[in-house]
Amino acid sequence: MSVYRVGILGLHHDHVWDHFPDLLKSEQVELVGAADPNQELLDKAEKYVGQGYRDYLDLLEAELPDAVLIFSSNRGGADLAVTALERGVHVMIEKPMAADLVGADAMLAAAEVGKARLMVNWPFAWQPALQRGIELALAGEIGRLWQVRYRAAHRGPEELGCTAFFCEWLFDEHLNGGGALMDYCCYGSVLARVLLGQPEQVMGVEGRFRKAPVGVEDNAILVMSYPAGMAIAEASWSEVGSLTAYVTAIHGEDGTILVEPGSGGRLIKATLGDSQGRELDASDPPPELRSGTAHFLWGIETGEKYMPLCDPVNCRDAQAILGAGRRSARSGSGVAMGERAY
């Protein structure tokens, strides 16, 4: 088992703090440093990693990491990924991958140039019930799939407790690539890509319904059309409570799979002979499917393809869906996926 020198590029995406515990307990990780232009965030990270850099290139050049985890804005993160990948440094980047399709394509090209691994991390990818539900659906357990639906919703980033560093770019259309549409419709988009493939057309609708506007759309819905199916991705930064949030529904000709949110969420399957459904076992996954860090290192070590949700090609295609959805929301017309997304 190899040990990898790992650096952190960016600390102003709040998800970064969830990854430090996994990095510190991994026997495969030597955490060599973190970089971010904000000294306050470097000071916060000091208890996890001693060496801090205000400049990203300084870390890459001084520490020569084997791999980096990137937690920056969607646009800035894509640029950092290209820089690292072209140097042959393996990259794990937080969802959705980039701010636009141009950035996503540049990352894939850079991974080829540098012959480095690229993985996109999705927080919900490490839920055992969702992993098992996707596995069953792709194996044909509910017949031909005809609909996928996912709703991501909360009261808003600030209300959820996101820091000012995070919100500063999350509410910036250029740095984020949009607002709630980019932040939260991305989940339903990647699920649709994995389970149904790339749609023929995307229709997007967005709105600003919060009492306190944030400068970008705070609600959005994407409808993806297929020759014999559809998918729906919903996003809300204004929903009170979590009654409808984070549930995955997968519909097939012979049944339905429902995945409840969270690491302890239930997996329920209904069939033609059991319309009420029954709970299925979603036992503990193997070690390489328990966290983003574990899966990233497993891919570097084995050279195996990353799980479908984290596969960069699927994530690139999800980025194309998001781009088409944004264009549709602004034009009021459906956008064919053969058309340029931006």
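Reply: A residue is called buried when its relative accessible area is under 20%, exposed when that area is over 50%, and partly exposed in between (1.4 Å probe, protein chains only). The model is predicted, so local features need pLDDT of at least 70 and side-chain atom pairs count only at pLDDT 80 or more, while totals for chains, interfaces and linings use all residues. Residues are numbered from 1 along each chain as its sequence is written, and side-chain values use heavy atoms, without hydrogens and water.

The protein chain has 12 helices and 15 strands; helices (H or I, at least four residues) and strands (E, at least two) are DSSP runs, numbered from the N terminus. Its radius of gyration is 20 Å, close to the 20 Å that the globule rule gives for 342 residues, so the chain is as compact as a globular protein of that length. This radius is taken over C-alpha atoms, and the globule rule is 2.2 Å times the number of residues to the power 0.38. Of the 342 residues, 57% are buried.

Now to the rings themselves. A pair of aromatic rings is described by the distance of the centres and the angle of the planes. Rings of Phe, Tyr and Trp (its six-membered ring) pair if their centres lie within 6.5 Å; planes under 30 degrees apart count as stacked, over 60 as edge-to-face and the rest as tilted. The count by this rule is 12 aromatic pairs.

One of these joins tyrosine 150 and tyrosine 187, whose ring centres are 5.9 Å apart and whose planes stand at 35 degrees, so the pair is tilted. Because tyrosine 150 belongs to strand 7 (residues 145-153) and tyrosine 187 to helix 10 (residues 180-196), the pair ties together parts that are 37 residues apart in sequence. Tyrosine 150 and tyrosine 187 are both buried.

In another pair, the ring centres of phenylalanine 171 and tryptophan 237 are 5.6 Å apart with planes at 65 degrees, so this pair is edge-to-face. Phenylalanine 171 sits in the loop between helix 8 (164-170) and helix 9 (173-176), and tryptophan 237 in the loop between strand 10 (229-236) and strand 11 (248-252), so the pair ties together parts that are 66 residues apart in sequence. Phenylalanine 171 and tryptophan 237 are buried as well.

Ring pairs also link Trp122, Phe124, Tyr150, Tyr184, Tyr187 and Tyr246 into a cluster. Within that cluster, tyrosine 246 deserves a separate description. Tyrosine 246 is in the loop between strand 10 and strand 11, and its phi is near 65 degrees, a positive value in a residue other than glycine. With a relative accessible area of 23%, tyrosine 246 is partly exposed.

Finally, charged side chains also meet aromatic faces. A charge sits over a ring if NZ of Lys or CZ of Arg is within 6 Å of the ring centre and within 35 degrees of the ring normal. Lysine 44 is placed in this way over tryptophan 17, at 4.3 Å from the ring centre. Arginine 117 lies over the face of tyrosine 306, at 4.5 Å from the ring centre.
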